[in-house]
Amino acid sequence: MYIHHMSKLVRKQVYLTAEQDEWLVRTAAQERRPAAEVIRAALDAKMRPQHAPMARLATDSLWDIVGLGSSREQDVSEQVDHYLYAAPKR
């Protein structure tokens, strides 16, 4: 489970496209965690400064499967949504 290490959470209201909402609902269901946690994790992954601590990675069991698979494709990490969900390539 993702545990956010902030002392205080700040409420924000955002508008999502229908497609973004579908992604959020699907991801939250697959990961069995609240949509708010998925959003915070996505923001951390995209916007966290490179030097900021990532302590939660040490306890995230998903990291145990990193590197288990192989593919001839060279852009899997950049195009993960395309390969997993048939989203258009970026």
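I began with D44, which is buried at a relative accessible area of 13% (buried means under 20%, exposed over 50% and partly exposed in between, with a 1.4 Å probe and protein chains only). D44 forms a salt bridge with R48, the closest N and O atoms being 3.3 Å apart, where a salt bridge is a side-chain nitrogen of Lys or Arg within 4 Å of a carboxyl oxygen of Asp or Glu. R48 itself is partly exposed, at 24%.

I noted that the model is predicted, so local features need pLDDT of at least 70 and side-chain atom pairs pLDDT 80 or more, while totals for chains, interfaces and linings use all residues. Residues are numbered from 1 along each chain as its sequence is written, and side-chain values use heavy atoms, without hydrogens and water.

I then looked up how many salt bridges the structure holds, and found two.

Next I turned to the helices (DSSP runs of H or I, at least four residues, numbered from the N terminus). The axes of α1 (residues 18-31) and α2 come within 9 Å and cross at roughly 105°, the axes being lines fitted to C-alpha atoms over the stretch in contact, with angles from 0 to 180 degrees between N-to-C directions. The two helices are therefore roughly perpendicular, a term covering 65 to 115 degrees. L24, T27, A28 and E31 of α1 meet A35, V38 and I39 of α2, contact meaning heavy atoms within 4.5 Å.

Conventions: Parallel < 35°, antiparallel > 145°, perpendicular 65-115°, else oblique.
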